[in-house]
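Here is a briefing on the model shown below. Keep the sequence and the 3D view open while reading.

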Amino acid sequence: MDPRRIAGLLDAPGCRRRQVLDAAQVDLGLLAEAIGAPPGGQSPYARERDGTFTHLATARLPELVGRHLGIECAAAAETSELPVGAGLWVWREPKLRLGGLPVTPEQIVLAGDGKLLHPVEIRSYACLDGHADPTKVAGTARELAVVVAALRQAAPVPERVSSRCLLVLPRNFGLAPVGTLLDVAPQVRRLGWSLAQLDAVDLPARLRLPQPSGETLVSALTEVEARFGDGCPSCPMYTHCRRDAEDTGTVARAGGAAANLCGPVGTAAHALALAHGERTPNGEAEQAISDELARAAAAYGWAVGGSGVAPAGGPGTDSAGRSGTAGGPAGKPGAR
Amino acid sequence: MSLDVYQRLLALSQARAVPAASRAHRHLSPRPWLLTGYHLAGEPSAPVAIRYGSFRDSPKLLTVAEPRDRALRFAALGGLARDLATYLSRYTVTEPVVRATGNGRELDVDQCCVDAPQIVVPNEATAHWVGLLGQYLRTLDDPVLAAAGAHLGWIASRRHLPGSSVLLTATDLLTTHWRTGQLPTEDGHLGRLLAWIEPPAGSDAWQAARDAEAMPPAGPASDPSWDQVVLRPALERAKEQGDVRRLKLAAAEVLGGAWRDTWAAVDLVRMLPPGEHVAKRWESDRWSWTRHRERVLAGTVSFSARLSDVPAYRFLHELETRTAALERQMALDDPLVMARYLATGEAVAGVVIKRDPEHTVVNSGGRSVLRPLLWVRTPAAFDRPAGTELWWGKVGMVVRAATDDTVELMVTSGAVTRPKLGLLPDADAEIVLAPFGPLQYFPDNLPDELPWPTRSSRPAPAPEQDDDLDTDLDSAAPAATAPGRVPEPRAVPAEDVAAPATAAPDEPRGLW
């Protein structure tokens, strides 16, 4: 699995379905076909640009590594194992493991200063006037964290793999490479937690088959509980879980804020019944949720002028808000 | 915000968006300039197709047969730059305005443009792209393109100011005025949003939203498979045979949806009556446009990538002032927005059950002053502590005590003299007490020492020596400068940066 997929675990914390999906190393192509997900992929133009920039940047790496990491080195040498000493190496298609999962990046570039090894990552999104898109940098940092953690697992002395990485991006609108240091230690720690969760997952029996069919896959995954949330759009199961959430009317379909407020109240119908006083809250938690939502319902009712719970017999929407509210025109506001 | 959650749940259960505002909180120009487009994947400076203009039935379509060829790109962007200049030239009429200068004691007559331009784009990503395009154009030596870059830079800089309506995104327009029952990140998709607000007859929002997702994206990133299947053959045909018809057809078709959707969003918000403070906020945009034009005419437009020190401090100050002002104005304009504060308990609605206009207290000077008392019956307990300040119009009061259904308030301003006692609410009047006073005033005096976030922590970076390797095809670039080389961005000394975003000197004091 590539580092991006493992890093994706951090997007959906606490979703068991997602954990099972990765722990079982499900084939994503097969899965997408089975659930009818829209085809993803990369634009040919983006691929070309990636290739061109990677080529250009690789040639300039010794200079950038010297400037930012203080390592004097010649052009990158090929390696097929974790290198030792000082220099610059390219390790193509390394077979690494992270916990029980295989990690297979296309290549890892490593710069060593004799004591520490620093991963070097080349990406083709632009760094404009010293700023790169923060979402993309955050994504890269998570993927680098996977690489760092996997290298540490492979290294005889894990501390020798540094979490300070060199990120190489094209400067402004051209293709001149520019480097920045990125410390991914926080991401590595978060990943450790996610992986610990992953280890605790026991796979459904049907997912342990060597070559399950698409349908088996989906039905086996559906048995596992999912937690729908804001991070879901990047998950391979997104379209499937979304439909599920729509059919059941889950509160979480409306986002994390709604799910957090409603807590143990799972469905929108239930939450609205509490809000409208059509259902007696059961227990303290439901009582608190019911109070909060009832207040919102009353305020909403007041504002749209319908079943105004707030001031009885709510006045017409327009004038209620304006003259009844503060900020009305001078004179004698609100006199009726 | 619990009201936000409640509205989302309502929308979810009805499978239809619910209104989140009953007033239009953005200024909508009678003749906005819409822009939708695609750039080559990963290269914001290489537009493939842009659809733009002020007329919904006759948009202009710009296509670049080889987006990586500088000459073709500049020719196409030159067309865009000239059309933008034509549009902007409509907004040069000024009117004299009397405004206070100095410490507010003297009056002066200043010229302000009677109207300002407005750009509407489908989504946040396109708005960001507008800024990038401006940044790119400013690096070029061509005067027409650089001028367009300056204008786009000003337009993009207004996007970050709360309450500004110079650069509107259709998704922001809709999410300000409606709530859907989908994930907030899904609200960034214009087609999905529209499906929630006005699902086509015979289908619910879920289905309509899924259908909308299957349509071509609103840009500026195109669908990867469209790139592969449609764009690549069309570009190759245009390049090899000089036949751009296929490219134009493909571009018009794929951008047509975003174009219609953006207009639909504008139409939906136009149906709402404008909020009372919207014109006032637009006035601040008009002043900024006037100042920007003056800088363009004087040739002193400049932009800085990063603010630090005093400009940063002033910019932060302005953001805070504007955020507070926008929240206050929207709540006062619109009961549906005020309802958010009722839901959180910051505001309180109720009926005046008792008044004591003759109540007096002894102030610190030993004099007896009039401080009328009010008792308001509320539907729910008011849970803020005693001493909380609330306002009813210009009448300010503090909470003295609250029980399960009554709040006791003491009037402290606005109606504390006998002639003004008539301004108090009558008994039995229904009132809403808001946490918003007449106008918050934040003095922007510089502190002795700037707070750390605005201090420049590192020395100015030394200019990098390496040349920019351009993505353009070298062969096709008999460019003005050395082949394959983008000229350095014009460096601006940090001292005299009139930062684009620091609009503080643009606008008269106290406009907010």
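B:Val337 is buried, because 23 other C-beta atoms lie within 10 Å and 20 or more are enough to count as buried. The residue belongs to helix 12 of chain B. This is a predicted model, and the points below are grouped by topic.

**Around B:Val337**

- Beyond residues up to four places away in sequence, B:Val337 touches B:Ala21, B:Met330 and B:Ala331.
- B:Ser22 is 315 residues from B:Val337 along the chain, yet their C-alpha atoms are separated by 8.3 Å.
- Helix 12 of chain B spans residues 335-344 and supplies at least two residues of the side of chain B that touches chain A.

**Where the two chains meet**

- The contact involves 65 residues of chain B and 63 residues of chain A.
- On the chain B side, the helices that each supply at least two residues are helix 1 (2-14), helix 3 (124-138), helix 8 (224-241) and helix 12 (335-344).
- The strands of chain B that do so are strand 3 (43-53), strand 10 (348-356), strand 14 (389-392) and strand 17 (430-433).
- Helix 1 of chain B gives the largest share of that side, with eleven residues.
- By class, the side of chain B that touches chain A has 36 nonpolar, 16 polar and 13 charged residues.

**The largest nonpolar core**

- This core has 213 residues.
- Which residues have the most contacts inside the core? They are B:Leu9, B:Val130 and B:Ala339.
- Helix 11 of chain A (residues 283-304) contributes ten residues, the largest share of this core.
- B:Leu9 reaches across to chain A: leaving aside neighbours within four places in sequence, B:Leu9 is in contact with A:Val251, A:Ala254, A:Ala258, A:Ala268, A:Ala271 and A:Leu272.
- As a general rule, nonpolar side chains tend to be buried together in soluble globular proteins.

**A helix pair in chain A**

- Helix 5 (residues 134-154) and helix 6 (residues 185-199) of chain A have axes that come within 8 Å and cross at roughly 70°.
- That angle makes helix 5 of chain A roughly perpendicular to helix 6 of chain A, because 65 to 115 degrees counts as roughly perpendicular.
- The residues of this contact divide into seven nonpolar, one polar and one charged.
- Helix 5 of chain A brings A:Ala141, A:Arg142, A:Ala145, A:Val146, A:Val148 and A:Ala149 to the contact.
- Helix 6 of chain A brings A:Gln187, A:Val188 and A:Leu191.

**Backbone points to check**

- Most residues other than glycine have a negative phi, and most peptide bonds are trans.
- A:Gln25 has a positive phi of about 50° although it is not a glycine.
- A:Gln25 sits in the loop between helix 2 (16-23) and helix 3 (28-35) of chain A.
- The loop between strand 7 (127-128) and strand 8 (131-132) of chain A holds A:Asp129.
- A:Asp129 counts as partly exposed, because its C-beta neighbours inside 10 Å number 13.
- In chain B, a cis peptide bond joins B:Gly219 and B:Pro220, with omega about 0°.
- B:Pro220 lies in the loop between helix 7 (205-214) and helix 8 of chain B.

**Chain A overall**

- Chain A has twelve helices and ten strands.
- Of its 336 residues, 43% are buried.
- Among contacts in chain A with a separation of 6 or more, 55% are between residues 24 or more positions apart.
- The domain assignment gives domain 1 (42-199) and domain 2 (256-321) in chain A.
- The centres of these two domains of chain A, taken over C-alpha atoms, are separated by 50 Å.

**Chain B overall**

- Chain B has twelve helices and 17 strands.
- Of its 512 residues, 46% are buried.
- Among contacts in chain B with a separation of 6 or more, 66% are between residues 24 or more positions apart.
- The domain assignment gives domain 1 (2-94 + 109-298) and domain 2 (348-433) in chain B.
- The C-alpha centres of these two domains of chain B lie 48 Å apart.

Technical notes. Residues numbered from 1 in each chain as written. Chains lettered and ligands numbered in written order. Predicted model: local features only at pLDDT ≥ 70, side-chain atom pairs only at ≥ 80, totals over all residues. Domains from an automatic or database assignment. Core = buried A, V, L, I, M, F, W, Y, C linked by C-beta atoms within 7 Å. Buried ≥ 20, exposed ≤ 12 C-beta atoms within 10 Å, placed from the backbone. Helix = DSSP H or I, 4+ residues; strand = E, 2+ residues; numbered from the N terminus. Contact = placed C-beta atoms within 7 Å. Axes fitted to C-alpha atoms, helices over the stretch in contact; angles between N-to-C directions. Parallel < 35°, antiparallel > 145°, perpendicular 65-115°, else oblique. Nonpolar A, V, L, I, M, F, W, Y, C, P; charged D, E, K, R; others polar.
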